[in-house]
Amino acid sequence: RSLVVSLFFKAYLAISRKLCDAGIMPENSLAPEDRSGADTFHTPVLRSAQLFERISSEQNTCDPIGRPKIHSSALKQATGEAIYTDDIARMDGERYLAFVLSSKARAKITKLDPSKALALPGVHAFFSQADMTKHENQVGPVFHDEHVFADEEVHCVGQVVGAIVAENKALAQRAARLVQVEYEELTPVIVSIEQAIEHKSYFPEVPRYVTKGNVEDAFAAADHVYEGGCRMGGQEHFYLETHAAVAMPRDSDELELFCSTQHPSEVQKLVSHVTGLPSHRIVCRAKRLGGGFGGKESRGIMVALPVALAAYRLRRPVRCMLDRDEDMLMTGTRHPFLFKYKVGFTKEGLITACDIECYLNAGWSMDLSFSVLDRAMLHFENCYRIPNVRVGGWICKTNLASNTAFRGFGGPQGMYAGEHIIRDVARIVGRDVVDVMRLNFYKTGDFTHYSQQLERFPIERCLQDCLEQSRYKEKCAQIAQFNAENRWRKRGIAVVPTKYGIAFGVMHLNQGGSLINIYADGSVLLSHGGVEIAQGLNTKMIQCASRALGIPIELIHISETSTDKVPNTSPTAASVGSDLNGMAVLNACEKLNKRLAPIKERFPNGTWQEWVNKAYFERISLSATGFYAIPDIGYHPETNPNARTYSYYTNGVGVTVVEIDCLTGDHQILSTDIVMDIGSSINPAIDIGQIEGAF
């Protein structure tokens, strides 16, 4: 109703302005500050500039490290020639799988009858929990608290109840709608964090705490103590390619899967669990993904496991690619968070203590929520040193699709709380927020609330560079003038610094592997444990191998990520894909260089192809595996107090100007400046693309 009234008023302003301009109404009948209320937003002429580190003039022209190289699949992606999972050609005898999904948020299944669906010509099978043992049906990325098919009860709308296998997609989806499911609804249905708090619906019941110093004493000594809170909603991943999988039986006891997943090894492991085949008889392959953003780290199993089960049982290739509405219904989002905090600070705005409670909405299963909460708790202070801290975390169990990994993995939600706190402090002491930020910034050598020393912390320089680059003070003055002259349109400016810890929160995942095969013609086939999600990881790995072997990038090719080339891989996530796999590639290259060194010494003027050919005829192995594990991490206050939690940190500062239409809520970003310290970039073109894309 409010919006409709606003639109009528907007129309009135537009008509009045036209009448004034035409001289039909007096000029002064519409106040100057009201005139812009008639405007709507139009896409401005886009302008951008990217600045990055220039490589040394002494660097070899063939050495691609530090150069802005084009993404290795860019041309194929732009022309539509790039092959994704569902582009794989249809096979003889292939079947299509469609899901029967829950229409209730919490209910007991009283009847599940597929007879009408199975009566349709061309429908071959229906699978449900009745076709599996309880053990086989129990799955999940960490806690095994999920089911391939709902087991007697459904816990959210969109939970998989069963699957139809038919000749083609249209028929399978039509048959899935004919499956009769009857429910007995259960209460309470919990959707929000507040409802979960009211019903004490948590995984596990005991909250997690991280403490430093003494918050109670610090509150007693503080000039100001303020209590507040903030909340952050979910966010849909909206990758361009929805979840997809193709499974095909090989012989009677082998399975091959093509899967749109960030974690092929996890899919392999759980397919083994569901089918009873050992992992060495299952190959999971991923050539490229059409985006992931964390949504394909653990959720790929929702499609891959039923498809693999159907292919194994029916001895036929089976395919499934979710429609967009199915994908959004079945898969979770970024975790919504609710923060409640109490902060103590001096009259100058120096924060001395913070007691904060973090509640996240996990959805109906644990998935990766424990790790997401952990990272949020370790990032809540963002770039600000707080000497006395108590941070508590609760994982709320609700009747929503299980929320999952999403770019930043709890870090952005935690930092969001820190930025709220710093603005509350600035408002109460009456100082500019940038001055209060600077007063509270960590310095090099400071310790975080989880006892990690910041060996190098360049946030002050990032901030200064960004303020200068964005002409911050000049823009603040322009915004104040604009807001004074316009009643229905307002502008605002935001400054946000960031500190992000680089490493998986789970110790054993901080490892990477590679395999390099050099062929007799000198060409190199590189395999590594990371997945090309479209972020340019393969391009960077080719650059690493190119420098290490001293050969042009044109001689190196990456075909795909596959569990039969590099086993036991970690998910491509947590901003460590280049670190783990790049170091593993270097490790393999070092082994090959060592083997080729005697030949290079004997034939110093030879070419790469000649050296390789010589090695082949001298029976020297031209294949090597590589491995890397991040050292000195895995901090635990009792068992490993001398280790670090994170390998290192990246820092950045963004300054953004936004205009909002106060009548409709429509808004437009007018300008953005970002300064990001990521060390020396392997490929500035790809890293800038990642930073801009993330923004």
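1. Phenylalanine 441 has a relative accessible area of 3% and is therefore buried, where buried means under 20% relative accessible area, exposed over 50% and partly exposed in between, with a 1.4 Å probe and protein chains only. The model is a predicted one: local features need pLDDT of at least 70 and side-chain atom pairs pLDDT 80 or more, while totals for chains, interfaces and linings use all residues. Residues are numbered from 1 along each chain as its sequence is written, and side-chain values use heavy atoms, with hydrogens and water left out.

2. There are 10 aromatic pairs in the structure. Rings of Phe, Tyr and Trp (its six-membered ring) pair if their centres lie within 6.5 Å; planes under 30 degrees apart count as stacked, over 60 as edge-to-face and the rest as tilted. One of the pairs is phenylalanine 9 with tyrosine 12, stacked at 5.9 Å centre to centre with 25° between the planes. Both residues belong to helix α1 (residues 2-21), 3 residues apart, or about one turn of the helix; helices (H or I, at least four residues) and strands (E, at least two) are DSSP runs numbered from the N terminus. Phenylalanine 9 is partly exposed at 29% relative accessibility, and tyrosine 12 is partly exposed at 46%.

3. Tyrosine 384 stacks with phenylalanine 441, at 5.8 Å centre to centre and 5° between the planes. This pair links distant parts of the chain, 57 residues apart: tyrosine 384 is in the loop between α12 (369-379) and β17 (388-397), and phenylalanine 441 is in the loop between α14 (433-440) and α15 (459-470). Tyrosine 384 is buried, at 1% relative accessibility.

4. Ring pairs also join Phe9, Tyr12 and Trp488 into a cluster.

5. Asparagine 382 lies in the loop between α12 and β17. Its phi is near 50°, a positive value in a residue other than glycine, and asparagine 382 is buried at 0% relative accessibility. Arginine 315 also has a positive phi, near 60°; arginine 315 is in the loop between α10 (301-314) and β14 (318-321) and is partly exposed at 31% relative accessibility. The peptide bond from threonine 187 to proline 188 is cis, with omega near -5°, and proline 188 is in the loop between β8 (180-185) and α7 (193-198). For context, most residues other than glycine have a negative phi, and most peptide bonds are trans.

6. The salt bridge count comes to 40, a salt bridge being a side-chain nitrogen of Lys or Arg within 4 Å of a carboxyl oxygen of Asp or Glu. In one of them, glutamate 241 pairs with lysine 296, with the closest N and O atoms 3.2 Å apart. The two residues come from distant parts of the chain, 55 residues apart: glutamate 241 from the loop between β10 (224-232) and β11 (244-250), lysine 296 from the loop between β13 (282-286) and α10. Glutamate 241 is buried at 6% relative accessibility, and lysine 296 is buried at 0%.

7. Arginine 281 and aspartate 253 form a salt bridge at 2.9 Å, N to O. Arginine 281 is in the loop between α9 (264-275) and β13, and aspartate 253 is in the loop between β11 and β12 (254-259), 28 residues apart. Arginine 281 is partly exposed at 30% relative accessible area, and aspartate 253 is partly exposed at 26%.

8. Glutamate 659 forms a salt bridge with arginine 491, the closest N and O atoms being 2.7 Å apart. Glutamate 659 is in strand β24 (residues 648-661) and arginine 491 in strand β18 (residues 489-502), so the pair ties together parts 168 residues apart in sequence. Glutamate 659 is buried, at 5% relative accessible area, whereas arginine 491 is partly exposed, at 30%. Both belong to a network of salt bridges that links Lys10, Arg489, Arg491, Glu659 and Asp661. The charged end of arginine 491 also sits over the ring of phenylalanine 482, 3.8 Å from its centre (NZ of Lys or CZ of Arg within 6 Å of the ring centre and within 35 degrees of the ring normal).

9. An open sheet of 8 strands has mixed pairing and the order β3-β7-β1-β14-β11-β12-β13-β22; two strands pair if DSSP finds at least two bridges between them. Its edge strands, β3 (123-127) and β22 (561-562), each pair on one side only. Strands β3 and β7 (residues 160-166) run antiparallel and are joined by 4 bridges, with valine 123 partnered by alanine 166 in β7.
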